[in-house]
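I opened this entry to keep track of what I looked up, in the order in which I looked it up.

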Amino acid sequence: MHIVDGALSSAVVIGGAVLTVGGLALGVRSLTLEKLPAAGILSATFFVASLIHVPIGPSSVHLIMNGLAGLVLGWSAFPALFVGLLLQAVFFGFGGLTVLGVNTLNIALPAVLIGLVCQQGIRHANPRIAALWGALAGSGAIALTTLCVAVALVLSGQEFIPAAKLVFLSHIPIMVIEGLVCAAAVYLIRRVNPTVFASLEGHPA
Amino acid sequence: MKRLFSTSIVALLVLAGSASSALAHKVIASGYAAGDKIEGEVGFSNGDPAINTTISITAPDGRTLGEVQTNAEGLFTFTPTEAVPHIFRGDLGAGHVAEFRMEVSELPRALQGGTAGAAPAPTASTASGPAVTASPDAAALQAMIAQAVRDEMRPLKHEIAAYKEHNSLQTILGGIGYILGLVGISFYWLAHQRLKKQPPQ
């Protein structure tokens with residue numbers, strides 16, 4: 001999921017950085033006092049989630065958790081995920097500093113889009129249907145992220161179909177896991193504190 | 001809900017079988033001189049080797065020096081012919097690129113000695129190099145010792161590589177600390193802004 005330094009052409013790296021700066025600006029603008037604790041927690045979740053390797057078959061995958069960030073934070077997912085990615089790059093060498101823009105875009109843009117699409121769904125009166133929307137958000141965000149990664153690779157000169165296929169197929173287990181995690185999270189939030197989603201939306205910047 | 005959960009688990013297990021590609025974030029690649037060859041290793045940080053990956057070798061000026069394939073253990077050997085820095089690059093797919101550079105000083109010793117720019121005539125080294133060409137027995141012994149040392153070192157190298165990839169709890173806690181700090185600073189800033197907008201009565 002983290003594209004490393006040197007894998008992309010410089011045009012893609014610069015383009016990703018510019019778009020990410022735009023996303024960050026939008027995200028910081030929509031970051032309110034009420035949203036800030038949630039942004040911090042989701043940033044930390046994202047930072048740690050990638051260290052939890054789930055051994056599946058011959059390989060292992062790690063969680064990303066960008067769907068949940070998008071659902072709760074909207075555009076503010078950009079700064080939250082950016083901070084997580086930056087720390088991962090500096091501390092663990094995941095990805096790299098030059099491709100930080102592209103990686104942020106690949107992970108945060110799907111989060112924002114999914115957040116917009118599933119916003120209504122997770123507020124459904126029936127918590128179970130809301131949880132289904134949560135599952136859709138969790139796995140949809142990963143699917144979109146793999147698509148973004150594939151596009152970034154293609155723009156750097158790789159063939160689309162093999163690149164997309166490889167990234168997409170290898171992330172199917174994560175899609176399933178994140179779908180379940182996200183559904184559980186939405187279900188829990190709806191049961192325990194249904195006002196969370198509403199209160200975070202109530203104060204647009 | 002329960003049924004949904006159990007069907008999801010089944011689906012997960014089925015899908016798990018179909019996922020074959022290694023999914024580590026980091027690619028590890030390294031090389032070292034072994035006799036008159038360069039031995040290298042390419043793999044993922046979780047220990048999976050990069051199998052049948054094409055490694056292209058280029059000079060700093062962009063010339064292609066050669067191309068090799070890794071074997072089932074992610075190992076490759078390359079026989080360098082020029083005393084220039086070698087850049088090894090392998091594309092493992094899905095945004096994983098392994099690249100490392102070997103300076104002239106890291107190349108096999110036989111290569112460093114003679115060539116300074118132009119390729120040497122094969123006779124030149126035998127004529128002018130009494131230090132290089134000792135008796136064949138000594139050369140064979142040296143090669144054997146080098147081989148033995150390499151074999152002994154290999155597990156150690158693996159261990160060091162694995163150790164470097166190890167993420168300690170301190171690092172993780174440090175990262176979380178940074179996030180907490182950033183949240184604190186943002187809190188301060190946002191609260192400050194809000195106070196400026198609505199001064200306390």
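I began with contact range in chain B: of the contacts between residues at least 6 apart in sequence, 49% join residues at least 24 apart. I note here that the model is a predicted one. For chain A, the corresponding share of contacts between residues at least 6 apart is 76%.

Next I looked at burial. I find 18% of the 201 residues of chain B counted as buried. In chain A, 58% of the 205 residues count as buried.

Then I listed the secondary structure. Chain B holds 5 helices and 7 strands, and its order along the sequence is α-β-β-β-β-β-β-β-α-α-α-α. Chain A holds 9 helices and 2 strands, in the order α-α-β-β-α-α-α-α-α-α-α.

**Cores**

Which residues touch the most other members of the largest nonpolar core? I get A:Ala69, A:Ala77, A:Leu81, A:Ala108 and A:Ala111, in a core of 79 residues. Helix H6 of chain A, residues 127–155, gives the most to this core, with 16 residues. I also noted a second, separate core of 11 residues, which includes B:Val42, B:Ile55, B:Phe76 and B:Ala98. As background, nonpolar side chains tend to be buried together in soluble globular proteins.

I took A:Ala108 as an example and left out its neighbours within four places in sequence. A:Ala108 is in contact with A:Gly23, A:Asn66, A:Ala77, A:Phe78, A:Leu81 and A:Phe82.

**Helix H2 of chain A**

I checked the length of H2(A), residues 36–49. With 14 residues at 1.5 Å a residue, the helix should span 20 Å, and its end C-alpha atoms are 20 Å apart, so the two agree.

The buried residues of H2(A) are A:Leu36, A:Ala39, A:Gly40, A:Leu42, A:Ser43, A:Ala44, A:Phe46 and A:Phe47. What do they pack against? I find helix H3 (66–73) and helix H4 (77–92) of chain A, together with helix H5 (169–197) of chain B.

I then looked at the pair H2(A) and H4(A). Their axes come within 8 Å and cross at roughly 35 degrees, and the crossing is right-handed. From H2(A), the contact is made by A:Ala39, A:Leu42, A:Ser43, A:Phe46 and A:Phe47. From H4(A), A:Pro79, A:Ala80, A:Leu81, A:Val83, A:Gly84, A:Leu87 and A:Gln88 take part.

**A:Gln88**

I followed up A:Gln88, which sits in helix H4 of chain A. Is A:Gln88 buried or exposed? I record A:Gln88 as buried, because 23 other C-beta atoms lie within 10 Å and the cut-off for burial is 20 or more. Not counting residues up to four places away in sequence, A:Gln88 touches A:Phe47, A:Ser50, A:Phe94 and A:Gly95. A:Ser50 is 38 residues from A:Gln88 in sequence, and their C-alpha atoms are 8.7 Å apart.

**A:Met65**

Phi of A:Met65 is near 65 degrees, a positive value in a residue other than glycine. I set beside this that most residues other than glycine have a negative phi. A:Met65 is found in the loop between strand E2 (59–62) and H3 of chain A. A:Met65 counts as buried, because 28 other C-beta atoms lie within 10 Å.

Note on methods:
Residues are numbered from 1 along each chain as its sequence is written. Chains are lettered from A and ligands numbered from 1 in the order in which they are written. This is a predicted model: local features need pLDDT of at least 70, side-chain atom pairs count only at pLDDT 80 or more; totals for chains, interfaces and linings use all residues. A nonpolar core is a set of buried Ala, Val, Leu, Ile, Met, Phe, Trp, Tyr and Cys residues joined through C-beta atoms within 7 Å. A residue is buried if 20 or more other C-beta atoms lie within 10 Å of its own, exposed if 12 or fewer, and partly exposed in between; C-beta atoms are placed from the backbone. Helices (H or I, at least four residues) and strands (E, at least two) are DSSP runs, numbered from the N terminus. Two residues are in contact if their C-beta atoms, placed from the backbone, lie within 7 Å. The expected span of a helix is 1.5 Å times one less than its number of residues. Axes are lines fitted to C-alpha atoms, for helices over the stretch in contact, and angles run from 0 to 180 degrees between N-to-C directions. A crossing is left-handed if the near helix is turned anticlockwise from the far one by less than a right angle, and right-handed if clockwise.
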